[in-house]
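Thanks for making the time, everyone.

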Amino acid sequence: MLRVLTTLLCSIVAGSVTAASTCESEAPWQEWQLAKAALIKDNGRVVDHSDPKLITTSEGQSYALFMALVNNEPKLFRTLLQWTEAHLAAGALDRQLPAWLWGRQSHNQWGVLDQNSAADSDLWIAYTLLEAGRLWHEFEYTRLAHAILHNMARQEVEQLPGLGTLLLPAPFGFVHDGTWRLNPSYLPPQLVTRVAHTLPREPWQSLARDTPEFLMDASPAGIAPDWISWRDNQLQALRPDEQEGSYDAIRVYLWVGMLSPNAELADQLQAHFRTVQNFVDAHGSVAEHIETDAQHHWGVGPPGFSAALLPLFDNTGTGERLRTSLARSNFADQGYYSQMLWLFGQGWAERRFRFDAVGRLVPAWLSCS
């Protein structure tokens, strides 16, 4: 697979679309340039400097791949993908789901720290490869996306009795004694819809059908939990992180907010989750922790939380407060995760990308290529 990827560079750079620059009329994406300089090494590894092991996660790789596609940077995309395949999937991303965690091991060696995959990152990688294959007319990316989705269907998608078809967080460690532990933020509806539109067969059709209802049922008060358990035919909060929403849950509002207005159930989903506006203060800061019964909250989230809510509250007074909060903040001072949330929310708000009704990516550069 790596040999095949190596041959792609010339064809990509030669370009079946306009090469790696945005439209001349489009303002440069300054925050993305800062993030690249701070987080991405020349070899394509995304580094989270907040951990002393200088970790790399499959999540970080997947988000950087998406941003490289949004900004029409095929060379960077290929470098990121090549590092991901070589170091997280033993050189065979078409046969092995990527390990979720890589970094400094004992005795100052470097390598995989946890071989388990992360289903949300797998979905983002597969989705971004699908869209890169379509937008850059690169069949090898499309083929690789299909291979990843095939492996996901076998290892990470499961029919839960009484609940429906859902994405397990990973192949191992989240099913014990009749209890399934789930993460709502692992299911961006537009990504699932796009996959089901591309692969109109099971389990993707059922996953696309069941995802919106699951997201709302897991958040009856409109406040998404970080995690939730399915046990005895009901969704239950069995652990403290299932009774509140914080660093995982913030992404649920982000994904739902970025849905196309023409997407199925978009209005219903967005109305359901706008409860979170009660936890945006007068200065546009967002509560760091919110109890899922919407009764209590504590802490102040990083600026990335404010950016994550921008799509859900676009063109509203709440949205203006969120923008004011970001204007007072310094992107360069943020850590990896806050920066990534900021890039998603701001990139969408600045119309650098959109998703259409069936989840296809619509980057700004497409209109000028």
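This is a predicted model: local features need pLDDT of at least 70, side-chain atom pairs count only at pLDDT 80 or more; totals for chains, interfaces and linings use all residues.

Residues are numbered from 1 along each chain as its sequence is written, and side-chain values use heavy atoms, with hydrogens and water left out.

Helices here are DSSP runs of H or I with at least four residues, and strands are runs of E with at least two, numbered from the N terminus. Let me start with helix α4, residues 74–88, whose 15 residues should span 21 Å at 1.5 Å a residue, and whose end C-alpha atoms are 20 Å apart, which agrees; the expected span is 1.5 Å times one less than the number of residues. How enclosed is α4 by the rest of the structure? It is largely enclosed, because 11 of its 15 residues are buried, where buried means under 20% relative accessible area with a 1.4 Å probe, counting protein chains only. Among the buried residues are Phe77, Arg78, Trp83 and Glu85. After α4 comes alanine 90, which has a positive phi, near 50 degrees.

Turning to packing, the axes of α3 (residues 58–70) and α5 (residues 119–135) come within 9 Å and cross at roughly 20 degrees. That makes α3 roughly parallel to α5, since angles under 35 degrees count as such. Residues of α3 including Tyr63, Phe66 and Leu69 meet a set in α5 that includes Trp124, Tyr127 and Leu135, contact being heavy atoms within 4.5 Å.

Finally, the sheet, which is open, has 4 strands in the order β6-β7-β8-β9, and pairs in the antiparallel sense; pairing requires that DSSP finds at least two bridges between two strands. Its edge strands are β6 (175–176) and β9 (234–236), each pairing on one side only. Strands β7 (residues 179–182) and β8 (residues 228–231) pair over 3 bridges, with arginine 181 opposite serine 229 in β8. Between β8 and β9 there are also 3 bridges, and arginine 231 stands opposite glutamine 234 in β9. These two strands, β8 and β9, form a hairpin with 2 residues between them, and aspartate 232 in the turn has a positive phi of about 55 degrees.

Technical notes
Buried means under 20% relative accessible area, exposed over 50%, partly exposed in between (1.4 Å probe, protein chains only). Axes are lines fitted to C-alpha atoms, for helices over the stretch in contact, and angles run from 0 to 180 degrees between N-to-C directions. Angles under 35 degrees count as roughly parallel, over 145 as roughly antiparallel, 65 to 115 as roughly perpendicular and the rest as oblique.
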